[in-house]
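Here is a short tour of a structure, written to be read with the model open beside you.

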Amino acid sequence: MANFQGLMEITKIDNLADDVYEMTLKGDGAKYISQSGQFINIKINDSLQPYLRRPMSISDYDENTIVIVFKVVGLGTEILKNKAIGDKLDCLIGLGNGFTVKKGKALLIGGGLGTPPLYNLGKKLKAQGVEVTTVLGFGSKKDIFYEDKFKEFGDVYIATMDGSVGIKGTVIDVIQQLNLTFENYYTCGPEPMLDALALNYPENGQLSFEARMGCGFGACMGCSCKVKTKPYKRICVEGPILLSDEVIVNG
Amino acid sequence: MANLKVKLPGLEMKNPVIPASGTFGFGYEFTKFYDINILGSIMLKGTTLEPRYGNPLPRIAEGPSGMLNAIGLQNPGVDAVMNEELEKLRPHFSDKVIANIGGSAVEDYVETAKRISSHDMVGALELNISCPNVHSGGIQFGTNPQMAAEVTRKVKEVSQKPVYVKLSPNVTDIVEMAKAVEEAGADGISMINTLVGMRFNLKTGKPIIANGTGGYSGPAIFPVALRMVHQVSKAVSIPVIGMGGISCGKDVIEMMIAGASAVAIGCQNLIDPYACKTIIEDLNTELDKMGIKDINDIVGLSHQS
């Protein structure tokens, strides 16, 4: 559970979809990641603007590499997008609990920018010989990314809200219309999607939540949410992954 | 190397640097990063008589050189703080800590103070009469001098340790508040708490923070804190612990020149978990550069002339 603060060097920036970028970071800090689903918290620059760090999920990692995917939604991500190869970022690494890899047929369910952390998890599941199916939900055709990467693990089904690709509707529409079966599911995406999944599938699910964070390492209590098993869990320390049977829907 | 030791009621500190309440949890989270025994003291997360979940999310927003928060005094309650949180901290910190207490009614403060002031690790209490983020309790004591004096007096009657009162900047005359709590028996003052602010979502027109308003802190409020610490420390004879936007060693020096006898570091701990450690090292270097032998010599330097 050690945390690390230090510099990581940007070695690659790719535009994956509309306003969506993949960034590869190199450095010793990558060693501090122990599980898929953990996150890093990035100081965007040395100035006081933006003031807070930006928490980012990790799509893939090894001993020396961290890959993140982000969408440009405001000041912080706009600056991040315009960084140059070779620039260094001050990162807090090794944050959060991460997914627990389980035996038994797996369904990965990604919603938009919630898709990335499931990629490294898929690799781990595949390595353990687990059968993997993936459902990804996006707004529209222009938003889709990582479809091919998930095909490395097995079948991939797409939902778009406007019907431009795949099934029109949500990830839940896909699961129900195609009668997809699974023993465990792993998901990350917008809160309404996670709530709907916890409501429809209250067992054997691991759901990765996001929250506005002050610190990312348990000090400020800015991201605490109520759960059934405890008075509260901090999304940054006891999360971001919560179990489907402890999630309080709309909580 | 300058002398950094400072002595305040209930606290003999190896240096004047204290992490501020609410930005350091109960201390032990930071042992992942450094040995927290280097700190002067620790202001614990605000503690109430009963456990509190706090406000709905989102609780955090950002502004120029600062952040808004509306945590709402989330804490496990005084008994769990004494029996669990402080025990987790014990192996990591050997000096006295400052217990920050909040409440909705005078009786809550009194009972919480009575219990936690008996704890052997607690050197002093910090009475939070200035939390802007709870609807019932806290702030009304911090904006009315009579009520502030009353809660101070009643807590002093039961507390086994010196009592510092944490003042709100959200008042017309902070000197009047300071004088009222001094007269009621406060052993010290800590200031300033956060400034009440808001941010709005451009698309929905609604506040970003679920609570509507939050407390603004960070480097943006540093000049406001300096002004208020200067005014209050001139007007009272009890020590002031100065806080509000301190982010480096030079800021500590400036806050002490303004009149603070010690300082607290808030927001900066959230951006940089090593902040207090860096600031202590930085403070040493800066004092040497200035040729200052004893940090106590600069306290209230701005009051001269």
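## The sheet in chain B

Two strands are taken to pair if DSSP finds at least two bridges between them. On that basis, and bearing in mind that this is a predicted model, seven strands of chain B form an open sheet in the order β3-β13-β12-β9-β8-β7-β6, with parallel pairing. The edges are held by β3 (17–19) and β6 (97–101) of chain B; each has a single partner strand, so one side of each has no neighbour in the sheet. On average, and ignoring direction, neighbouring strands are turned by 25° against each other.

Helices pack on this sheet too. Helix α2 (residues 106–116) of chain B touches β6 and β7 (122–128) of chain B, and its direction makes about 160° with that of β6(B). Helix α4 (residues 145–158) of chain B touches β7 and β8 of chain B, at about 155° to the direction of β8(B).

## Around strand β9

Have a look at strand β9 (residues 188–191) of chain B. Three bridges join β9(B) to strand β8 (residues 163–166) of chain B, and the two run parallel. Between them the chain passes through helix α5 (residues 174–183) of chain B, giving a right-handed β-α-β crossover. With strand β12 (residues 240–243) of chain B, β9(B) also pairs in the parallel sense over three bridges, and here M191(B) stands opposite G242(B).

In a regular strand, side chains alternate between the two faces of the sheet. In β9(B), G188(B) and S190(B) point one way while I189(B) and M191(B) point the other, and all are buried.

## The nonpolar core

Which residues touch the most other members of the largest nonpolar core? In this core of 180 residues, they are I40(A), I18(B), L127(B), V165(B), I189(B), V229(B) and V263(B). V165(B) stands opposite I189(B) of β9(B). Leaving out residues up to four places away in sequence, V165(B) touches I189(B) as well as L127(B), I129(B), A148(B), T152(B), V181(B) and A186(B).

## A partly exposed glutamine

Q231(B) lies in helix α6 (residues 222–235) of chain B. Why does Q231(B) count as partly exposed? Because it has 16 C-beta neighbours inside 10 Å, whereas a buried residue needs 20 or more and an exposed one has 12 or fewer.

Beyond its neighbours within four places in sequence, Q231(B) is in contact with I174(B) and V175(B). Q231(B) and A178(B) are 53 residues apart in sequence, with their C-alpha atoms 9.9 Å apart in space.

## Where the chains meet

The contact between the chains takes 27 residues from chain A and 29 residues from chain B. On the chain A side, these divide into 16 nonpolar, seven polar and four charged residues.

Methods
Residues numbered from 1 in each chain as written. Chains lettered and ligands numbered in written order. Predicted model: local features only at pLDDT ≥ 70, side-chain atom pairs only at ≥ 80, totals over all residues. Contact = placed C-beta atoms within 7 Å. Nonpolar A, V, L, I, M, F, W, Y, C, P; charged D, E, K, R; others polar. Helix = DSSP H or I, 4+ residues; strand = E, 2+ residues; numbered from the N terminus. Right-handed = clockwise from strand over helix to strand, strands pointing away. Core = buried A, V, L, I, M, F, W, Y, C linked by C-beta atoms within 7 Å. Axes fitted to C-alpha atoms, helices over the stretch in contact; angles between N-to-C directions.
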